Amino acid sequence: MNPWQRKPRPAAESQNSPADRQSLMPETGVEASGLRSVAAAGNIGAVTTGDHSPLTVNVHPAAPAPTALASLPAAPSKLTGRDTEIEQILSALRPHTVSPQRDVNSSGAGPIAAPAADGVLPPVLVTSVAGLAGVGKTALALACGHAATEAGWFSGSLFIDLRGYDDKTVQPGQALEALLRALGVDSASIPAAAEERAALYRSELEDRADQGQRLLIVADNAASADQVRLLLPGSRRHQVLITSRHTLPTLDARLLDLAVLSPEAAVALLRAALQQANPADRRVLETGDGIAELARLCGYLPLALHISAALLILEPDQTVAELAAELAAARSRLSLLDVGERAVRASFGLSYRRLSPDHAGLFRLLALNPGPDIGLEAAAVLTARPLPAVRTMLRDLVQAHLLDCVNRRWSMHDLVRDYATELVHGAQRAAANGVGGEETPGAAESHAQACSRLLEHYTTTAFAASARLTMRAHSSAAGAFTGQAEALAWLDRERVNLTASVAAAAATGHQDLAVQLPVILYDYLTWRGYFDDLIAVTTIACDVAHQAGALAAEAGAWNNLGIALTETSRYDEAVLAHRRAAELFASMDNHNERGKALNGLGSALHDSGKPAEALQIHQEALTAQRACGDLQEQAAVLNNLSLDHQELGNVAQACAAAEEASSLFQQLGDTTNEAKALCTAAFALQASGQSEEAQAVCERAIEAARRTAGNPRDEAAILMTCTELLTDLTPQQRIAYLLQAQAACERANAHDLYAHALSAIGRACITAGDTSQAITHLTRAACLLEDLGLTSEAADVRELLALLQS
C-alpha cells in the first residue's frame with residue numbers, strides 16, 4: 001500500500017506503538033466552504049451536516065480512509081493594512097525550537113521573522129481572533145495559516161467552518177466527525193458520542209505528534225467557547241487558530257480583537273480590489289476626496305469595502321465619487337451595500353439573531369442615543385435598569401463585538417448603528433401599521449418612552465452641571481456634582497450627546513426640551529468657545545419656538561444666536577438676529593430684554609467696523625436699562641459704550657463710561673466683568689496719555705481676575721491685556737503673567753488666544769535674552785495661527801523667527 005496512507009483501524013487500537021504509526025502526505029484541492037474533506041481517487045463522498053443524521057461518507061471497502069491534511073482554503077492574494085495583526089498571530093504560532101524553512105510572501109502575509117528570542121512568551125495552544133462581522137477575521141486567519149505552514153512550522157492543516165452564527169450551527173460532535181475523517185479515520189471507527197469522538201481525536205493528534213507531525217487546526221466562525229472546546233488537542237504539540245464574532249476569554253487562549261482598517265488601508269483595499277478585477281481600471285488612479293469619502297462611508301469595514309468595490313466593478317462607468325455620493329444620500333447605506341451573496345445587513349443580522357431578548361432590546365435602545373457614544377449612567381436611564389445589570393449587558397455586547405468600549409464609553413460602529421436604527425424604525429412602522437414585528441410586543445412604545453427618559457436625563461443633568469460651572473449652584477440644582485471641575489468634565493464628555501439631543505428633541509416632539517437645552521448649554525459652550533455648536537443648537541431653538549408660537553423663547557434664542565454669530569465674525573447675520581430679537585421683545589413690551597438685544601446689536605455693529613452706528617444703538621440700550629433699573633445690564637452697556645468712544649477718539653467719554661462700568665460691577669460683586677471693565681478703562685487712560693493711571697488700573701484688573709472663578713477665557717484675555725499695558729514689568733514678570741494666561745487659554749479651549757499667548761511669551765523671551773525659548777514658543781505660535789487660518793499674523797511671527805535664526 002501507499003506508505004503515506006494509514007490503514008483504517010478501530011478506536012480501541014488508537015494507542016498502537018510508534019513503530020506502527022506512519023506519517024501522512026498533505027492532500028491538496030480542499031473544498032473551500034462548509035466542513036472540509038477531500039474526495040481522493042473517488043474513494044470519498046460528500047460530507048453532510050444535517051440536523052439529525054450523522055456525517056457519512058461512502059468508502060470503497062477495499063481502500064484505506066483518505067486524509068485531508070492541507071485543507072486551508074486559499075488565502076487572499078493581498079491582505080491590506082494587517083501587518084501588525086499578522087505578526088501578532090505568527091508570534092503565537094511560531095515554534096521556538098524550529099527555524100523557518102524559508103520566507104513566505106505569496107499569501108500576502110509578509111515575510112516570516114526569525115524564531116523568538118529568549119524571554120518571549122512560549123507558543124500557546126489556542127489563538128483566538130475576534131471582531132465585528134465583516135472585519136476580515138477569516139481572511140487574516142487564512143493568511144497567517146498559509147504563511148505558517150509554508151514556512152515549515154506545521155506539516156499539515158485542518159480547517160473547519162463551524163457556522164456558529166448560521167441558523168444551523170455545526171455541533172461539536174459533527175465537527176469532530178469531520179476532523180477525524182480528515183485525519184484518516186474511517187466512518188465505522190468513529191464513536192457515536194461526542195466525548196468519545198473527542199478522545200479518539202486527541203489520540204489521533206498525539207499519534208501524529210509522535211511521528212514528528214505538527215498540525216494547525218483552524219476553527220472558523222465559532223459562536224462560543226463550548227463549540228470549540230472539544231476540538232482542542234490534548235497537548236501543545238499542535239496549535240489551534242479560532243475566529244469568532246465573540247471574544248472567548250475562557251479558552252486560556254491568546255486573544256486578538258480585530259478592529260476596522262485605518263483610513264489609509266481602507267483606501268488601499270478599494271484600489272487593490274479594482275486593480276485585481278481589471279488592471280486597466282483607471283479609477284484606481286482617481287485623486288481627490290472621492291475614494292477617501294467612500295472608505296469613510298463604508299466605516300472602514302472590509303466587508304463593506306469589498307462590496308463597494310464589487311458595485312464599482314459591476315458598473316464600470318460609475319466613478320468612485322458618484323458611488324460615495326450615492327451612499328451619502330441613501331436613506332440606508334445597508335440597502336446599497338449588497339451584492340446578492342454578500343450583504344452587510346445580512347451579516348449583522350446573523351449576530352443580532354443570536355442575542356437574548358434582553359440583549360437585543362438593549363442593542364436597539366442604544367441606537368436612540370443621539371450622540372456617538374454613551375456613558376453607563378445614561379445607558380441605565382435609557383433601559384430603566386440598575387447600573388450593575390446594564391454594565392453586565394454592555395459587557396456582553398462588547399464581547400459579541402456589537403459594541404466598542406473606550407474609557408468607559410460605549411459606542412457602535414457606524415454601520416452597526418445604521419442596522420440598529422433600522423430595527424427601531426421597523427418596530428415603529430409595524431406599530432403604525434398595527435402589525436407585529438420580530439421585536440417584542442410594545443417595542444415602539446418602549447422606544448419612545450426610553451427616548452423621553454434619556455432626553456430628560458441629559459437636560460436635567462446639564463442644568464445641574466451648568467449651575468455648578470457658573471457658581472450658581474444650590475442643593476437642588478447642582479447636587480449631582482461636587483465642584484466646578486467635575487461639572488466641566490461631565491459637560492466635556494457629553495458635549496456631542498447634549499448638542500445632538502437638541503435636534504433629537506425637535507425631531508421627536510419634545511419642543512420644550514429643544515428650546516430649554518440650548519439656553520442651559522449657553523454658558524458652557526461660550527466658556528469653552530464652542531460657538532459653532534452654540535449656533536447650531538440655538539438655530540434649532542429659534543425654529544422650534546417660532547413653530548410653537550413661544551415669542552419670549554424665540555426672542556431669547558435669536559439674541560443668543562446673535563451673540564454666537566458675532567463671536568464667529570458673522571456680523572451681518574448677527575445684526576439680523578439681534579434686530580429680530582429686539583423686535584420680538586418690543587412686541588411684548590419687554591423693555592429690559594429689548595435693551596439686552598440692543599446691546600448685542602451694538603456690539604455686532606462695533607465689531608463689523610461701524611462704531612458710530614454702534615454708539616447710537618448702545619446709547620438707546622443704556623436708556624432702556626436705566627429706565628428698568630437693571631444695574632448689571634447698565635454696566636455691560638457702559639463697557640461697550642467706552643469701546644465705541646475709544647474707536648471714535650472720544651477719550652474722555654471712553655474713560656468715564658469704563659470707570660462707571662467697573663464701579664457698577666464692583667458694587668454687584670461681579671469680579672470677572674469688573675476686571676474686564678478695568679481693562680477697558682486702562683486702554684482708555686492709555687489713549688488719553690495717562691500711562692501711570694492706566695497701569696494702576698491694570699493692577700486692579702489683575703487683582704480682580706485673581707478673585708474670580710469665572711470663565712478662564714476671560715481670565716486669559718485680562719492677563720494678556722494687562723501685560724501689554726504694564727510697561728514697567730520686568731521680562732520675568734511679564735513671562736509669568738503670560739504663562740498664567742496660556743494655562744487659562746488651555747482650560748478654556750481658546751485656540752486663538754492660546755496662539756497669541758505663545759507669541760507674546762516668545763517676544764517676552766527675546767527681551768529676557770532667552771533666544772532658545774523664544775524660538776520654541778514662536779514656532780508653536782506660527783503653526784497654530786496657520787492652522788487657525790490667521791495667515792497674516794502667522795506671517796508676522798514667521799518673519800520674526802527668521803530674524804532670530806539668521
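Biologist: Over the ring of which residue does the charged end of R495 sit?

Modeller: Happy to start there, with the reminder that this is a predicted model. A charge counts as sitting over a ring if CZ of Arg is within 6 Å of the ring centre and within 35 degrees of the ring normal. The charged end of R495 meets that rule at 3.8 Å from the ring centre, and the ring belongs to Y530.

Biologist: And over which ring does the charged end of R245 sit?

Modeller: Here the distance from the charged end to the ring centre is 5.0 Å. The ring under R245 is that of Y165.

Biologist: Back to Y530: how do the planes of Y524 and Y530 lie, stacked, edge-to-face or tilted?

Modeller: Both tyrosines are buried. Their ring centres are 6.2 Å apart and the planes meet at 55°. Planes under 30 degrees apart count as stacked and those over 60 as edge-to-face. The angle falls between those limits, so the pair of Y524 and Y530 is tilted.

Biologist: How many aromatic pairs does the structure hold?

Modeller: Ring centres have to lie within 6.5 Å to pair. With that rule, the count for the structure is six.

Biologist: What kind of pair do F348 and Y419 form, and which helices does it tie together?

Modeller: The two ring centres are 6.2 Å apart with 70° between the planes, which makes the pair edge-to-face. Both F348 and Y419 are buried. F348 and Y419 are 71 residues apart in sequence, so the pair ties together helix α11 (residues 344–353) and helix α15 (residues 414–433).

Biologist: F363 is in helix α12. How many of the residues of that helix are buried?

Modeller: Helix α12 covers residues 357–366 and is mostly covered. Its buried residues include H359, R364 and L366, along with F363. Out of 10 residues in α12, the number buried is eight.

Biologist: L366 also turns up in the lining of the largest cavity. Which strands each supply at least two residues of that lining?

Modeller: The lining includes D373 and I374, as well as W410 and S411. By class it has six nonpolar, three polar and two charged residues. The strands that each give at least two residues are β6 (373–374) and β8 (409–411).

Biologist: What volume does the largest cavity have?

Modeller: There are four cavities of 30 Å³ or more in the model. For the largest of them, the volume is about 60 Å³.

Biologist: Which element gives the most to the lining of the second largest pocket?

Modeller: This pocket holds about 1,400 Å³ of space. Of its 46 lining residues, the closest to the centre are T138, A139, L303, H306 and R342. Elements that give two or more residues include α2 (137–150), β3 (215–222) and α11. With six residues, the top contributor is α8.

Biologist: How do the lining residues of the second largest pocket divide by class?

Modeller: Gly counts among the polar residues in this scheme. On that basis the lining divides into 21 nonpolar, 14 polar and 11 charged.

Biologist: Where is Y300, with its positive phi?

Modeller: Y300 is not a glycine, yet its phi is about 60°. Its place is the loop between α7 (290–297) and α8.

Biologist: N221 has a positive phi too. Is N221 buried or exposed?

Modeller: Phi of N221 is near 65°, and this residue is found in strand β3. Buried means under 20% relative accessible area. At 18%, N221 therefore counts as buried.

Biologist: Last one: with which residues is V637 in contact, leaving aside neighbours within four places in sequence?

Modeller: V637 lies in helix α24 (residues 631–648) and is buried, with a relative accessible area of 0%. The C-alpha atoms of V637 and G600 are 9.1 Å apart, across 37 residues of chain. Contact means heavy atoms within 4.5 Å. By that cut-off, the partners of V637 are N599, H618, A621, L622 and Q625.

Key
Residues numbered from 1 in each chain as written. Predicted model: local features only at pLDDT ≥ 70, side-chain atom pairs only at ≥ 80, totals over all residues. Heavy atoms only, no water. 1 Å grid on protein atoms, 1.4 Å probe; cavity = no way out; pocket = protein on both sides within 12 Å on 5 of 7 lines; lining within 4 Å. Points joined across faces, edges and corners; volume = space filled by probe spheres on them. Helix = DSSP H or I, 4+ residues; strand = E, 2+ residues; numbered from the N terminus. Buried < 20%, exposed > 50% of the residue type's maximum accessible area, 1.4 Å probe, protein only.
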